[in-house]
Amino acid sequence: MKILLHVCCGPCAIYPVNVLKELGVEFEGFFFNPNIHPFLEFERRVLALEEVAKHKRFNVIWAQEGYGLQSWILQVGKNLDSGKRCPICYDVRLERAAKEAKERGFSHFSTTLLYSKYQRHQLIKEIGQEKAEKFGIEFYYHDFREGWQAGIDESRAMGIYRQPYCGCVFSEAERYSKRMKRLEKRMNEKEGQGNESNV
Ligand code: SF4
């Protein structure tokens, strides 16, 4: 068995990498995450993964197309609500990972998205299996969420960057949804006052 492990970010890679190493499985990481916004955040996550890979001694294959933001936006299209956006986002990344795994002769592929408690675990599993079938390889499924706290503790001990939102600009805005609503309310009130004074 040889696994290409799609890696969404450094902190999420720690526990899955520990598991694969303990099992003695041959693997390499693969970074392809065009969903991350803005570019400086993308850069920080790349640097954090470099640190994790160095610390844990595993190789990372970096997607040749680099950032890929424009392509991701075109694929998400008008499906901006998270109910539709996230499945497309998983699909785009897992399709690319499965393709890379096939082309490079890996027998399996997997993803660190299976580590996060905040992602749609079952959906990721289903999409992974679908892509594996499409490309004629196997999807390595493991519920890495079992190591949620262990991964957090280790990433903190390493002092690497831990991102405060999923990745896309929408998830960044949703992180501040309450604050945004308060601000919008204030803006509307000011607009109302301005209109009154203009009468
Ligand atoms: S919230 Fe996360 S999974 Fe959903 S579209 Fe944004 S980056 Fe992708």
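Biologist: Of the 199 residues of the protein, what percentage count as buried?
Modeller: This is a predicted model, in which local features need pLDDT of at least 70 and side-chain atom pairs count only at pLDDT 80 or more, whereas totals for chains, interfaces and linings use all residues. Residues are numbered from 1 along each chain as its sequence is written, and side-chain values use heavy atoms, with hydrogens and water left out. Buried means under 20% relative accessible area, exposed means over 50% and partly exposed lies in between (1.4 Å probe, protein chains only). By that definition, the buried share of the 199 residues is 47%.

Biologist: In what order do the elements of the protein run from the N terminus on?
Modeller: Helices (H or I, at least four residues) and strands (E, at least two) are DSSP runs, numbered from the N terminus. The protein has eight helices and five strands, and its C-alpha trace spans about 75 × 40 × 30 Å along the principal axes. From the N terminus on, the order is β-α-β-α-β-α-α-β-α-β-α-α-α.

Biologist: How far apart are N and O in the salt bridge of arginine 85 and glutamate 174?
Modeller: A salt bridge is a side-chain nitrogen of Lys or Arg within 4 Å of a carboxyl oxygen of Asp or Glu, and the structure holds twelve of them. Arginine 85 lies in helix α4 and glutamate 174 in helix α7, so the pair ties together parts that are 89 residues apart in sequence. Arginine 85 is buried at 3% relative accessible area, whereas glutamate 174 is partly exposed at 41%. The N to O distance of this salt bridge is 3.2 Å.

Biologist: With which lysine does glutamate 95 form a salt bridge?
Modeller: The closest N and O atoms of the pair are 2.7 Å apart. The pair links distant parts of the chain, 36 residues apart, with glutamate 95 in helix α4 and its partner in helix α5 (residues 121-135). That partner counts as buried, with a relative accessibility of 4%, and is lysine 131.

Biologist: Which residues are linked in a network of salt bridges?
Modeller: Arginine 96 forms a salt bridge with glutamate 100, the closest N and O atoms being 2.6 Å apart. The two are four residues apart in helix α4, and therefore separated by about one helical turn. Both count as buried, arginine 96 at 15% relative accessibility and glutamate 100 at 6%. The linked residues are Glu65, Arg96, Glu100 and Arg104.

Biologist: Which residues gather in a patch of positive charge on the surface?
Modeller: Patches are made of residues with over 30% relative accessible area and no salt bridge, like charges being joined within 9 Å and nonpolar side chains (Val, Leu, Ile, Met, Phe, Trp, Tyr) within 5 Å. Lys and Arg count as positive and Asp and Glu as negative, without His and the chain ends, and the place of a charge is NZ of Lys, CZ of Arg, CG of Asp or CD of Glu. Helix α8 (residues 177-198) supplies the largest share, three residues, while arginine 175, partly exposed at 39%, sits in helix α7 (residues 169-175). The patch consists of Arg175, Lys178, Arg179 and Arg182.

Biologist: What is the omega of the cis peptide bond that joins histidine 37 and proline 38?
Modeller: Proline 38 is placed in the loop between β2 (26-31) and α2 (39-56). The bond that joins it to histidine 37 is cis, with an omega of about -5°.

Biologist: What is the positive phi of arginine 57?
Modeller: Arginine 57 lies in the loop between α2 and β3 (60-62) and is exposed, with 73% relative accessibility. Although this residue is not a glycine, its phi is positive, at about 60°.

Biologist: What distance separates the C-alpha atoms of glycine 66 and phenylalanine 32?
Modeller: Glycine 66 is found in the loop between β3 and α3 (69-76) and counts as partly exposed at 33% relative accessibility. Glycine 66 and phenylalanine 32 are 34 residues apart along the chain, and their C-alpha atoms are separated by 7.9 Å.

Notes:
Areas by Shrake-Rupley, 256 points an atom, 1.4 Å probe, with all protein chains shown as cover.
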